[in-house]
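Subject: Structure handover

Hello,

Here is the structure I am passing on to you. My notes on it follow below.

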Amino acid sequence: MKTALVFAAILALSLAAPVEDRDAQIVQFENDNQGIGGYNFRYDTSNGIQRSEQAQLKSFGDDISALVVRGSYSYIGADGQTYQVNYVADENGFQADAPHIPRA
């Protein structure tokens, strides 16, 4: 299931990418699915995109548990700079952190 999600994310990125990035290849891929306890994966592409994500099952009380997800991704922008985004998704929702993301 997680592999399908990773594949769908990569497919979405490739379809939205400029024509010169559509030929990018995955040069490194690691995936460790720990079943209901969590997962982690990482990949690098030939055009400089990197992504990694880890999830662990967290108990929030009586019969309430959920995966807490932490990760990051980076890419090379049209200006030649590398941009990195770190994120966490937990009981407080999805929170992304990066210097180039506007703040309220």
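Asn86 stands opposite Asp97 in strand β6. The two belong to the pairing of β5 with β6 (residues 93-97), which is antiparallel and runs over five bridges. Strands here are DSSP runs of E with at least two residues, numbered from the N terminus, and two of them pair if DSSP finds at least two bridges between them. Two residues lie between β5 and β6, and the strands form a hairpin.

Before the rest, a note on the source: this is a predicted model, in which local features need pLDDT of at least 70 and side-chain atom pairs count only at pLDDT 80 or more, while totals for chains, interfaces and linings use all residues. Residues are numbered from 1 along each chain as its sequence is written, and side-chain values use heavy atoms, with hydrogens and water left out.

The sheet

Six strands make up an open sheet, in the order β1-β2-β3-β4-β5-β6, with antiparallel pairing. At its edges are β1 (26-33) and β6, each of which pairs on one side only. From one strand to the next the twist averages 10°; axes for such angles are lines fitted to C-alpha atoms, for helices over the stretch in contact, and the angles run from 0 to 180 degrees between N-to-C directions. In general, strands of a sheet pair through backbone hydrogen bonds, either parallel or antiparallel.

Going through the pairs in order, β1 and β2 are antiparallel and joined by seven bridges. Glu30 stands opposite Arg42 of β2 in this pairing. Strand β3 (residues 50-61) and strand β4 (residues 64-76) also run antiparallel, with eleven bridges. Ser52 has Ser72 in β4 as its bridge partner. The hairpin of β3 and β4 has two residues between the strands, and Asp63 takes a positive phi near 55° there.

Between β4 and strand β5 (residues 82-90) there are eight bridges, again with the strands antiparallel. Val69 stands opposite Ala89 in β5. Five residues separate the strands in the hairpin of β4 and β5, where Gly80 has a positive phi near 90°.

What makes up the largest nonpolar core? It has six residues: Tyr39, Phe41, Tyr43, Ala55, Val69 and Tyr87. Strand β2 (residues 38-45) gives the largest share of this core, three residues. A nonpolar core is a set of buried Ala, Val, Leu, Ile, Met, Phe, Trp, Tyr and Cys residues joined through side-chain atoms within 4.5 Å. Buried means under 20% relative accessible area, exposed over 50%, and partly exposed in between (1.4 Å probe, protein chains only).

Tyr83 lies in strand β5 and counts as buried because its relative accessibility is 18%. Leaving aside residues up to four places away in sequence, Tyr83 touches Tyr73, Ser74, Tyr75, Gly77 and His100; contact means heavy atoms within 4.5 Å. Tyr73 is ten residues from Tyr83 along the chain, and their C-alpha atoms are separated by 8.3 Å. The side chain of Tyr83 also has a polar contact of 2.4 Å with that of Asp79. A polar contact is a pair of N or O atoms within 3.5 Å; within protein, one must be able to donate a hydrogen and the other to accept it, and residues adjacent in sequence count only if both atoms are side-chain atoms.

Thr45, in strand β2, is buried at 14% relative accessibility. Its side chain makes a polar contact of 2.4 Å with the side chain of Asn47. Not counting residues up to four places away in sequence, Thr45 touches Gln25, Ile26 and Val27.

Salt bridges

The model has four salt bridges, each a side-chain nitrogen of Lys or Arg within 4 Å of a carboxyl oxygen of Asp or Glu. One of them joins Glu53 and Arg51, whose closest N and O atoms are 2.7 Å apart; both residues are buried.

Another joins Lys58 and Glu91, with closest N and O atoms 3.3 Å apart. Lys58 lies in β3 and Glu91 in the loop between β5 and β6, so the pair ties together parts that are 33 residues apart in sequence. Lys58 is partly exposed at 36%, and Glu91 is partly exposed at 46%.

Asp97 also forms a salt bridge, with Arg103 (2.6 Å, N to O). Asp97 is partly exposed at 41% relative accessible area, whereas Arg103 is exposed at 62%.

Regards

Definitions and conventions: Helices (H or I, at least four residues) and strands (E, at least two) are DSSP runs, numbered from the N terminus.
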